[in-house]
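Subject: Structure for you to look through

Hi there,

Here is the structure I promised to send over. Have a look at it first, and then read on for what turned up.

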Amino acid sequence: MAAKKLGFGMMRLPQTDPNDAKSVDMAQVCRMVDAFLERGFTYFDTAYMYHSFTSEEIVRESVVKRHPRDSFTLATKMPVVFLKREKDQDRIFNEQLKKCGVDYFDYYLLHDLGRAHYKIARRLDTFGYVAGLKQKGLIRQMGFSFHDTADVLDEILNDHPEVDFVQLQVNYLDWDNAGIQSRRCLEVARAHHKPVIVMEPVKGGSLAKVPPQAEALYREIHPEMSVASWALRFAASQEDVMMVLSGMSSMEQLEDNMSFMDDFRPLDAREYQAIESAVQILNGTIAIPCTACRYCTDGCPKQIDIPKCFALYNADRQSVNQGFSIQQGYYETYTHDHARASDCIGCGKCEQICPQHLPIRRYLRDVAAAFEK
């Protein structure tokens with residue numbers, strides 16, 4: 001029997017302190033893991049850097065120690081951005097085995113490949129290293145997660161036909177986005193006969209709460225279904241998609257996702273039309289297409305919480321009442337003890353690592369102009 005298409009992304013887990021990525025609510029995570037497995041879902045996705053480098057240990061405590069190894073499949077990733085020398089690969093992989101508490105990984109990925117990181121992988125022969133892990137039985141399937149344009153993806157897959165799968169950002173808002181190219185990347189993977197695992201189907205949560213006009217389109221067809229369900233079902237409906245990852249921050253989100261992914265039904269023509277209309281509405285309201293992956297924050301010399309600034313800015317731009325901004329109040333409260341958008345020194349480190357290739361420095365100036373009057 002084919003695996004159910006919903007994967008548990010261990011990236012946006014419930015936290016006891018929203019400002020501390022390490023403050024994961026382990027009791028709630030364990031309940032979520034148990035419910036996920038009880039309903040017949042099996043795929044867990046983690047990575048070296050998630051939750052401030054603690055996600056793999058969280059997987060060990062919540063999944064590996066509490067459930068038989070053959071009851072779940074586990075994916076993690078080689079952090080190419082942290083590789084300086086060939087021996088770093090072996091050091092990090094062995095660390096990951098220990099942190100996760102396993103003898104092998106079902107799926108193992110080169111993390112966040114694009115043009116720049118692919119240069120690192122080529123220099124250090126990281127594909128060859130991972131292929132060697134597969135030969136030794138330390139991983140079952142090899143692949144890579146990807147954030148770049150379709151031509152770069154085509155280049156990598158031409159160079160490395162040995163990969164078993166690719167992980168792509170696919171959602172209906174990025175479907176025809178010129179920078180992210182969800183549709184074109186999916187077509188490239190299909191042309192190379194590579195199954196696809198989808199990440200960011202809800203685009204960091206931004207497709208779980210859409211403008212009222214867009215939500216009304218969805219409610220007219222399925223009044224009982226969540227807004228987020230449309231985004232996950234869109235991704236899962238695409239040809240050659242084998243798994244759709246969702247970073248779930250509460251039991252409620254998990255239960256909702258399982259309710260429509262348990263017995264998955266692809267979108268029909270009327271539903272696709274509703275999404276096309278919703279995209280037109282959304283494109284007019286989202287100012288900064290940030291997914292809140294937080295890759296940009298670790299290297300910021302001023303420690304600016306860039307995703308938080310962008311989220312408040314987007315909410316402010318989408319606000320119906322433009323005369324009073326509750327977002328500005330939140331911004332002023334937060335930046336009382338933290339860096340402000342205007343503290344940016346323009347070094348560009350954030351833009352070098354941003355998977356969405358956003359002009360972050362320009363957007364931070366926009367945030368400062370809006371909130372620091």
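Let me start with the two ends of the sheet order: strand β1 (residues 6–9) and strand β8 (residues 241–247) run parallel and are joined by four bridges. Within that pairing, Leu 6 has Val 244 of β8 as its bridge partner. Strands count as paired if DSSP finds at least two bridges between them, and the elements are DSSP runs numbered from the N terminus, with helices (H or I) of at least four residues and strands (E) of at least two.

A word on the basis: this is a predicted model, where local features need pLDDT of at least 70 and side-chain atom pairs count only at pLDDT 80 or more, while totals for chains, interfaces and linings use all residues. Residues are numbered from 1 along each chain as its sequence is written, and side-chain values use heavy atoms, with hydrogens and water left out.

**The barrel**

Eight strands close into a barrel in the order β1-β2-β3-β4-β5-β6-β7-β8, with parallel pairing. On average, neighbouring strands are turned by 30 degrees against each other, direction ignored. Helix α10 (residues 227–236) packs on this sheet and touches β1, β7 (196–199) and β8; contact means heavy atoms within 4.5 Å. The direction of α10 makes about 155 degrees with that of β8, where angles run from 0 to 180 degrees between N-to-C directions and axes are lines fitted to C-alpha atoms, for helices over the stretch in contact.

**Aromatic pairs**

There are 22 aromatic pairs, counted when ring centres of Phe, Tyr or Trp (its six-membered ring) lie within 6.5 Å; planes under 30 degrees apart are stacked, over 60 edge-to-face and the rest tilted. One of them is Phe 44 with Phe 72, edge-to-face at 6.4 Å centre to centre and 85 degrees between the planes. Phe 44 lies in strand β2 (residues 43–45) and Phe 72 in the loop between α3 (55–64) and β3 (73–78), so this pair ties together parts 28 residues apart in sequence. Phe 44 is buried at 0% relative accessible area, and Phe 72 is buried at 3%; buried means under 20%, exposed over 50% and partly exposed in between (1.4 Å probe, protein chains only).

Phe 234 and Tyr 272 form another edge-to-face pair, at 6.1 Å and 75 degrees. Phe 234 is buried at 4%, whereas Tyr 272 is partly exposed at 26%.

Happy browsing!
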